[in-house]
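Hi everyone, thanks for making time today. Please have a look at the model on the screen, and I'll walk you through a few places in it.

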Amino acid sequence: MELPTGSTTDQAPADPAATDDVLATQPVGYWCGLTQTAVTRHLRDAMAEIDVTQPQYWVLNRVNGGLTAPSREETIAQLTHLADGPHEIARVVDQLLHREWLRIDDGQRLHLTDAGEAARARLRELATEVRAVVHRGISDEEYVAALKVLRKMVANVGGDGTSGHPF
């Protein structure tokens, strides 16, 4: 495999203590993975304090977010790629029905109850608070630049980033 024209930077082993002068040699996969793990852990810990999970938040948002109410099957199909396993979203739907945060209408469509909408709104506030912690000291311009770089890297290796499955 040839290096792209003008590219002379070697790949170094991942080093969490790498200094700024060698950051260009660090593997992006390592740093993206470390970021995902740390941010997800922080968010899930914050949600656990109010007895909610991140997948529950995904389901509440999905049920709330469309022009038409989704069915159980549609919700599961749309969110499973984010989950830790193929059955997690189905379990979450059951949990939310049991909590009475969701209800199913006669057409087998899911809807938020008043309690579900209150939980979704509280979780949105919490997610905003967590985002503020994660973004502390990072301007919107820096954040956008970082995401543009990551988006370009995905495209460089043939991904489109639209499906939740980059390849």
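The buried residues of α4 are covered by several elements, including α2 (54-64), α3 (72-79), β1 (102-104) and β2 (110-112). Helices here are DSSP runs of H or I with at least four residues, strands are runs of E with at least two, and both are numbered from the N terminus. Which residues of α4 are buried? They are E88, I89, A90, V92, V93 and L96. Buried means under 20% relative accessible area, exposed means over 50%, and partly exposed is in between, with a 1.4 Å probe and protein chains only.

A word on where this comes from: the model is predicted, so to speak of local features we need pLDDT of at least 70, and side-chain atom pairs count only at pLDDT 80 or more, while totals for chains, interfaces and linings use all residues. Residues are numbered from 1 along each chain as its sequence is written, and side-chain values use heavy atoms, with hydrogens and water left out.

Back to α4. Helix α4 covers residues 88-98, and H98 lies in it. Is H98 buried or exposed? H98 counts as exposed, at 70% relative accessibility. From the C-alpha atom of H98 to that of V130, 32 residues apart along the chain, the separation is 27 Å.

After α4 comes E100, with a positive phi near 65°, although E100 is not a glycine. E100 belongs to the loop between α4 and β1, and its relative accessible area of 57% makes it exposed. D51 is another non-glycine residue with a positive phi, about 60°. You'll find D51 in the loop between α1 and α2, where it is exposed at 53%.

Now to α2. In the loop between α2 and α3 sits S71, which is buried, with a relative accessible area of 10%. Leaving aside neighbours within four places in sequence, S71 is in contact with Q108, R109 and L110.

Next, the charges. How many salt bridges does the structure hold? There are eight, and a salt bridge is a side-chain nitrogen of Lys or Arg within 4 Å of a carboxyl oxygen of Asp or Glu. One of them joins R41 and D45, with the closest N and O atoms 3.9 Å apart. Why are these two about one helical turn apart? Because they are four residues apart in helix α1. Both are partly exposed, R41 at 49% and D45 at 42%.

R44 also forms a salt bridge, with D84, and here the closest N and O atoms are 3.4 Å apart. R44 lies in helix α1 and D84 in the loop between α3 and α4, so this pair ties together parts that are 40 residues apart in sequence. R44 is partly exposed at 29%, whereas D84 is exposed at 62%.

In helix α5, E125 and R122 are three residues apart, which means about one helical turn between them. Their salt bridge has its closest N and O atoms 3.8 Å apart. R122, E125 and E129 are linked in a network of salt bridges.

Let me finish with the nonpolar surface. V28, I138, Y143, V144, L147, V149, L150 and M153 make a nonpolar surface patch of about 600 Å². Patches are made of residues with over 30% relative accessible area and no salt bridge, joining like charges within 9 Å and nonpolar side chains (Val, Leu, Ile, Met, Phe, Trp, Tyr) within 5 Å; the areas come from the Shrake-Rupley method with a 1.4 Å probe, and for residues only the protein chains shown count as cover. Which helix gives the largest share of the patch? Helix α6, residues 140-156, contributes six residues. I138 is found in the loop between α5 (114-134) and α6, and it is partly exposed at 39%.

Conventions. Contact means heavy atoms within 4.5 Å.
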